[in-house]
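Colleague: I'm new to this structure and would like to learn how to read it. Could you take me through it feature by feature?

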Amino acid sequence: MSDELSNDAVVESREEIVATDTEQHPSAGAERAAAALAGVAPEPGVAKPDAILVADDVSKSFGGVRAVRVDHLEVQRGTITALIGPNGAGKSTFFNLVSGFDKPDSGTWSFDGTDISGAPAYRIARRGMVRTFQLTKALMRLTVLENVMLGATEQRGERMLAAPLRWVWKGQEDDVEEKARALVERFRLSHMAHEFAGICSGGQRKLLEMARAMMVDPAMIMLDEPMAGVNPALVQSLLGHIQRLRDEGTTIVLVEHDMDVIMSISDWIVVFAEGAVIAEGRPDDIRTNEKVIEAYLGKRRALPTAQENDA
């Protein structure tokens with residue numbers, strides 16, 4: 001057990017060094033994202049040069065409370081886009097709506113040029129838009145490897161008539177297992193591959209969900225609070241995986257409350273408040289945005305100016 005912990009610590013230490021180096025020397029993916037967004041104005045609802053997700057007039061109410069009221073939102077392809085805002089701002093509800101896990105009161109949205117408004121979650125996932133959850137959805141009595149294999153789609157062996165005919169689907173299942181093993185290794189879970197998912201730590205379950213999402217070779221992954229409940233020692237590891245996915249061309253959209261994480265990893269930030277988008281921009285744009293400061297701290301508790309600090 002001590003050797004296992006020691007090995008994990010070495011991996012995390014190496015990945016922390018890589019993450020620190022990335023902050024000082026932006027990756028090719030970060031540079032591509034910055035170039036793509038260079039001419040985009042930091043305004044709510046602004047158009048992007050190559051949007052992979054476009055949402056219009058999306059709304060959702062619970063009783064008399066309007067949880068989401070997004071007039072227009074675009075996500076640029078190949079970027080890490082963060083959705084931030086106070087608790088109850090509508091971020092996760094928006095995630096649920098566009099990923100097919102909840103039904104809106106109104107609105108339309110498209111993914112990669114195809115209208116997916118109201119489509120069920122499994123069809124949206126098959127199109128290449130997948131999501132993870134704040135509370136992980138691992139099957140605890142299956143192994144880590146088996147959980148990752150479950151992410152594969154169009155499995156012949158899952159059909160009732162074909163299931164007894166092992167020769168029909170065995171070759172396909174072997175390919176799925178090979179791909180799952182590669183992802184388990186990529187996400188540093190090889191030592192847990194044959195352990196029940198139920199004994200994984202919170203951080204390992206987050207990595208497991210990311211590996212399972214990659215089984216469909218998605219064009220976009222939506223991460224709902226990927227750092228929630230994660231040991232600080234694993235945070236840098238998760239950040240490194242997210243950045244590498246972006247560098248390989250995968251679009252990342254994440255909801256996260258850790259502002260240090262958001263400011264260090266995001267190419268573009270969208271700010272929600274009371275269900276609506278109140279600001280968009282690069283991290284430097286958001287840091288000084290008065291509407292964002294007011295949404296987080298309240299008008300009477302706005303951040304002091306330089307002159308007030310001097311006084």
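Modeller: Let's begin with a helix pair. Helix α7 (residues 202–213) and helix α8 (residues 232–247) pack at an angle of about 10°, and their axes are 10 Å apart. Axes are lines fitted to C-alpha atoms, for helices over the stretch in contact, with angles running from 0 to 180 degrees between N-to-C directions. Helices (H or I, at least four residues) and strands (E, at least two) are DSSP runs, numbered from the N terminus. Before we go on: this is a predicted model, where local features need pLDDT of at least 70 and side-chain atom pairs count only at pLDDT 80 or more, while totals for chains, interfaces and linings use all residues. Residues are numbered from 1 along each chain as its sequence is written, and side-chain values use heavy atoms, with hydrogens and water left out.

Colleague: What does the angle make α7 relative to α8, roughly parallel or roughly antiparallel?

Modeller: Angles under 35 degrees count as roughly parallel, over 145 as roughly antiparallel, 65 to 115 as roughly perpendicular and the rest as oblique. So α7 is roughly parallel to α8. The crossing of α7 past α8 is left-handed, meaning that the near helix is turned anticlockwise from the far one by less than a right angle (clockwise would be right-handed).

Colleague: Which residues in α7 and α8 meet?

Modeller: Contact means heavy atoms within 4.5 Å. From α7 come Gly203, Gln204, Lys206, Leu207 and Met210, and they meet Leu234, Leu238, His241, Ile242 and Leu245 in α8. By class, the contact of α7 with α8 has six nonpolar residues, three polar and one charged. Here Ala, Val, Leu, Ile, Met, Phe, Trp, Tyr, Cys and Pro count as nonpolar, Asp, Glu, Lys and Arg as charged, and the others, Gly among them, as polar.

Colleague: Now the sheets. How do I read strand pairing?

Modeller: Strands of a sheet pair through backbone hydrogen bonds, either parallel or antiparallel. Two strands pair if DSSP finds at least two bridges between them.

Colleague: How many bridges join β9 to strand β10, and how many join strand β3 to β9?

Modeller: Five bridges join β9 to β10 (residues 276–281), and these two run antiparallel. Strand β3 (residues 80–84) is joined to β9 by four bridges, and that pair runs parallel. For examples, Ile84 has Val271 in β9 as its bridge partner, Ile269 stands opposite Gly281 in β10, and Val270 is opposite Glu280. β9 and β10 also form a hairpin with two residues between them.

Colleague: Are the residues of β9 buried or exposed?

Modeller: In a regular strand the side chains alternate between the two faces of the sheet. Buried means under 20% relative accessible area, exposed over 50%, and partly exposed in between (1.4 Å probe, protein chains only). In strand β9 (residues 268–273), six of its six residues are buried. Trp268, Val270 and Phe272 lie on one side, with Ile269, Val271 and Ala273 on the other, so both faces are covered.

Colleague: What is the order of the four strands in the other open sheet?

Modeller: That order is β2-β1-β4-β5, with antiparallel pairing. The edges are β2 (65–76) and β5 (114–115), each pairing on one side only. Strand β1 (residues 51–62) and strand β4 (residues 106–111) share five bridges, and Val54 has Ser110 in β4 as its bridge partner. Helix α3 (residues 91–98) lies across β1, β2 and β4, at about 70° to β2.

Colleague: Which residues have a positive phi although they are not glycine?

Modeller: Most residues other than glycine have a negative phi, and most peptide bonds are trans. Asp57, with a positive phi of about 50°, is found in strand β1. Arg188 has a positive phi of about 60° and sits in the loop between α6 and α7. Arg188 has a relative accessible area of 43%, so it is partly exposed. In the β9–β10 turn, Glu274 has a positive phi of about 50°.

Colleague: Where does Thr153 lie, and which residues does it touch?

Modeller: Thr153 lies in the loop between α5 (144–149) and α6 (166–186). Not counting residues up to four places away in sequence, Thr153 touches Arg126 and Val216.
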